[in-house]
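Please take a moment with the sequence and the fold before reading on. This report walks through the helices, the sheet and a few individual residues.

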Amino acid sequence: MPEAVGVIQTLGFPSILAAADAVVKAARVTLVYYDRAESGNFVLAIRGGTSEVHPAMEAGIAAAGKVHGGKVMMHYIVPNPPENVQAVLPIDYTEASEPFRT
C-alpha cells in the first residue's frame, strides 16, 4: 500500500493537541513527529497509507480550527515520499513511534 506523510502547523499548543488527537482517532495513521516551530507555532507529522492520511488530515485541520484562538497556519500531504526525503527530514518511523505504528 502506498504511504503518505501529512504535516499540520498551528498557532498555539492547544490547537496542535486537538489536531493530534483528531488525526489518530480518525484513521489508521501514526504520529511520527511533533515539535515547536517558531513564534508560538507547533508542527506535527503523521504517516500511514495514502487513503488513511487524507481523512486524518481533514479531521486534524477541522479540530485545530475549532480551538478558541487556534489557527491552522499550514498543512500539506506528501504521497509516496522518496527515501532521500525520509532520510533527511524527521518524518520516518522511529523507535518511539514504532509501538504505535498501524
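Which residues in α1 meet which residues in α2? On the α1 side they are Ser15, Ala18, Ala19, Ala22, Val23 and Ala26, and on the α2 side they are Pro55, Ala56, Met57, Ala59, Gly60, Ala63 and Ala64. Please keep in mind that this is a predicted model.

**The annotated region**

In UniProt, an unreviewed entry carries the annotation "domain: BMC" for residues 4–90. Over that stretch the chain is 43% helix and 39% strand.

**How the two helices pack**

Two packed helices are described by the angle between their axes and by the distance between those axes. Here the pair is α1, residues 13–26, and α2, residues 50–66. Their packing angle is about 150°, and their axes are 7 Å apart. An angle over 145 degrees counts as roughly antiparallel, and α1 and α2 are therefore roughly antiparallel to each other. The crossing in which α1 passes α2 is right-handed.

How do these helices sit relative to the strands? α1 lies across β1, β2, β3 and β4, and runs at about 10° to β3. α2 also lies across β1, β2, β3 and β4, and its direction is at about 10° to β1.

**The sheet**

Now to the strands themselves. Four of them form an open sheet with antiparallel pairing, in the order β2-β3-β1-β4. At the edges are β2 and β4 (71–79), each of which pairs on one side only. On average, and with direction ignored, neighbouring strands of this sheet are turned by 15° against each other.

Let us take the pairings one at a time. β1 (residues 3–11) and β3 run antiparallel and are joined by nine bridges. On its other pairing, β1 is joined to β4 by eight bridges, again with the two strands running antiparallel. β2 (residues 29–36) pairs with β3 in the antiparallel sense, over seven bridges. Some individual bridge partners are set out below, for anyone who would like to follow them in the structure.

| Residue | Bridge partner | Strand of the partner |
|---|---|---|
| Thr10 | Phe42 | β3 |
| Val7 | Ala45 | β3 |
| Tyr33 | Ala45 | β3 |
| Asp35 | Val43 | β3 |
| Gly6 | Ile77 | β4 |

How many residues of β3 are buried? Nine of the nine residues in this strand (residues 41–49) are buried, and β3 is mostly covered. For β1, seven of the nine residues are buried, so the strand is largely enclosed by the rest of the structure.

Where does Ser39 lie? Its place is the loop between β2 and β3. These two strands make a hairpin with four residues between them. Phi of Ser39 is near 50°, which is a positive value in a residue other than glycine. Is Ser39 buried or exposed? Ser39 has 68% relative accessibility, and because exposed means over 50%, the residue counts as exposed.

Although Asn80 is not a glycine, its phi is positive, at about 50°. This residue belongs to the loop between β4 and α3 (83–88). Asn80 has a relative accessibility of 46%, so it counts as partly exposed.

**A residue on α1**

Finally, have a look at Leu17, which is placed in helix α1. With a relative accessible area of 48%, Leu17 is partly exposed. Leu17 and Tyr34 are 17 residues apart in sequence, and their C-alpha atoms are 10.0 Å apart in space.

**Putting it together**

To recap, the open sheet has the order β2-β3-β1-β4. Both α1 and α2 lie across its strands. The two helices meet through residues including Ala22 in α1 and Gly60 in α2.

Conventions:
Residues numbered from 1 in each chain as written. Predicted model: local features only at pLDDT ≥ 70, side-chain atom pairs only at ≥ 80, totals over all residues. Heavy atoms only, no water. UniProt positions renumbered as here; feature names shortened; annotations may be inferred. Buried < 20%, exposed > 50% of the residue type's maximum accessible area, 1.4 Å probe, protein only. Pairing = 2+ DSSP bridges. Axes fitted to C-alpha atoms, helices over the stretch in contact; angles between N-to-C directions. Parallel < 35°, antiparallel > 145°, perpendicular 65-115°, else oblique. Left-handed = near helix turned anticlockwise from the far one by under 90°. Contact = heavy atoms within 4.5 Å.
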